[in-house]
Amino acid sequence: MALQRRENDLVVGLRVWAAAHGRSRYKAALIPLEDVWEVFRRVPNRNVDDAFEPAVLAALLNTLEAAGLIEQVQRRTPERVSLPVKVRLLAQAEPPVVPPMPMWHPDLSWLAAYWTSATAKQRSAYAAIDRWLKSGPDLFRIPLRERALEIFGTFGNEAVFPMPEKTLDTLTSGPLFSDTGRLDELLHTFRPPPPLITETFTLEEDDSHYCRVGTGDVLFVVENSTTWWSLVESLPAGHRLGYVAWGLGGTFRASIRAIKAKHGITQIRYFGDLDTSGLRIPLRASGTALDLGLPPVQPAKRLYQALQSLGRPRPAAAKEASVSTGTAGELAQWLPAGCQAAGRQLLMDGHRLAQEWVSYRYLQRSSDWHDDVR
């Protein structure tokens, strides 16, 4: 809240008193009432209306307390206009510490003018992108979330970027991140639209919740929208897929009920994040499928192998905290046999692997995963 001049003069005077008495501005200071009076009497134009001075001081202290600048102790004087016997001058916020600026990659040198004014998170992001550029990265153009995972999952601080693949979903301010065209040019990225969500199991060829990609008998479900797009765009000739579905997290367990006999699905394969929820989703969906007389949900063997090979484990979110050996074993048992031991250990360590590590670049360049769609 904005202070009037005399309230501002009073709090400035209290800070001068605190400094003169050896109190740090970054720590709270208790000031006796007699000293508050002394400071008050030096405030210019403190009582232009010639009012009862204890009432004037009481009003000023109430205003400063409402502004979050002081606290009045509970013990008060017995006079008609009661005043606190002491005032606690609250600590001022310490100035932010600006870390040293990196020696910029040439493509980022223009950010030097914005380093001091940037937020701490922006500076951390700039530094991570700078390290990525200096690493000599493969600049094959990939979706933004996949690049964000590559940059912040490899060069970013785990505490600052706990979900690295989603960093650029919300970091949208500042001279670099607010300019999407410039950012995409620098990072060599593009932004595929997520599939539209419908309530029906569509038989049309479009970008929907379930996208028909062929006449095969396999339904392939992908947990996240970016990987959904990358996989659909990379399908080889001669695949067995009839549909590729965006699982949309836990929604998959409910949406699997849309599959009917007329769709001719004989197999359901799944690929998602490697964490506790990423394994619970297909396990529960598989139970629902079996109850409905549908095929069980099976893991995409080659893609999970690629994820464990390409991915860098990161600490999972609090809700994905490390689990017991028994629970980890039950969840990991759904994975392909060769992935179970590493998957079980990942869960017990409280870590995760985002499926975006298996990127559009990998899917375009490798044929190892084609077995999963044939």
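Me: What does Phe220 touch, not counting residues up to four places away in sequence?
Reply: In this predicted model, Phe220 touches Leu231, Leu241, Tyr243, Val244, Ala245, Arg269, Phe271, Ala300, Leu303, Asp372 and Val373, with residues up to four places away in sequence not counted. Each of these counts as a contact because heavy atoms lie within 4.5 Å.

Me: Which residues have the most contacts inside the largest nonpolar core?
Reply: They are Phe220, Val244, Phe252, Ile268, Leu303 and Tyr304, in a core of 55 residues. Another core, of 25 residues, lies apart from it, and Leu14, Trp17, Val36 and Phe40 are among its members.

Me: What makes strand E7 mostly covered?
Reply: The count is 5 buried residues out of the 5 in E7 (residues 218–222). Val218, Phe220 and Val222 point one way from the strand, Leu219 and Val221 point the other way, and all are buried.

Me: How do you know that E7 and E8 pair?
Reply: Pairing needs at least two bridges. E7 and strand E8 (residues 241–246) are joined by 5 bridges, so they pair, and they run parallel.

Me: Why is Phe271 counted as buried?
Reply: Its relative accessibility is 0%, and the cut-off is under 20%, so Phe271 counts as buried. The residue sits in strand E9 (residues 267–271). Beyond four places in sequence, Phe271 touches Phe220, Val221, Val222, Glu223, Thr227, Ala300, Leu303, Tyr304, Leu307, Gln355 and Val358.

Me: How many residues apart along the chain are Phe271 and Ser135, and what separates their C-alpha atoms?
Reply: They are 136 residues apart along the chain, and their C-alpha atoms are separated by 30 Å.

Me: What makes helix H8 mostly covered?
Reply: In H8 (residues 225–234), 9 of the 10 residues are buried. These are Ser225, Thr226, Thr227, Trp228, Trp229, Ser230, Leu231, Val232 and Ser234.

Me: Is Thr288 buried or exposed, and why?
Reply: Thr288 has a relative accessible area of 6%; buried means under 20%, so Thr288 is buried. Its place is in helix H10 (residues 276–291). With neighbours within four places in sequence left aside, Thr288 is in contact with Arg253, Ile256 and Arg257.

Me: What is the strand order of the open sheet of 3 strands?
Reply: The order is E1-E3-E2, with antiparallel pairing. Strand E1 (29–32) and strand E2 (70–72) are the edge strands, since each pairs on one side only. From one strand to the next the twist averages 25°.

Me: How do you know that E2 and E3 pair?
Reply: E2 and strand E3 (residues 86–89) share 3 bridges in the antiparallel sense. At least two are needed, so the two strands pair. Leu89 in E3 is the bridge partner of Ile70.

Me: Why is H2 largely enclosed by the rest of the structure?
Reply: Of the 8 residues of H2, 6 are buried, so the helix is largely enclosed. The buried residues are Leu33, Asp35, Val36, Trp37, Val39 and Phe40. They pack against H1, E1, helix H3 (53–66) and E3.

Me: Why are H1 and H3 called roughly perpendicular?
Reply: Their axes come within 10 Å and cross at roughly 80°. Angles of 65 to 115 degrees count as roughly perpendicular, and H1 and H3 therefore get that description. The contact joins Arg6, Glu7, Leu10 and Val11 of H1 to Val56, Leu57, Leu60, Leu61, Thr63 and Leu64 of H3. By class, the contact has 7 nonpolar, 1 polar and 2 charged residues.

Me: What makes H4 and H5 roughly perpendicular to each other?
Reply: The axes of helix H4 (residues 120–134) and helix H5 (residues 144–152) cross at roughly 90° and come within 9 Å. The range for the term is 65 to 115 degrees, so H4 and H5 are roughly perpendicular. Ala125, Ala128, Ile129 and Trp132 in H4 meet Arg147, Glu150, Ile151 and Phe152 in H5. This contact has 6 nonpolar, no polar and 2 charged residues.

Key. Residues are numbered from 1 along each chain as its sequence is written. This is a predicted model: local features need pLDDT of at least 70, side-chain atom pairs count only at pLDDT 80 or more; totals for chains, interfaces and linings use all residues. Side-chain values use heavy atoms; hydrogens and water are left out. Helices (H or I, at least four residues) and strands (E, at least two) are DSSP runs, numbered from the N terminus. Axes are lines fitted to C-alpha atoms, for helices over the stretch in contact, and angles run from 0 to 180 degrees between N-to-C directions. Angles under 35 degrees count as roughly parallel, over 145 as roughly antiparallel, 65 to 115 as roughly perpendicular and the rest as oblique. Ala, Val, Leu, Ile, Met, Phe, Trp, Tyr, Cys and Pro count as nonpolar, Asp, Glu, Lys and Arg as charged, and the others, Gly among them, as polar. A nonpolar core is a set of buried Ala, Val, Leu, Ile, Met, Phe, Trp, Tyr and Cys residues joined through side-chain atoms within 4.5 Å. Buried means under 20% relative accessible area, exposed over 50%, partly exposed in between (1.4 Å probe, protein chains only).
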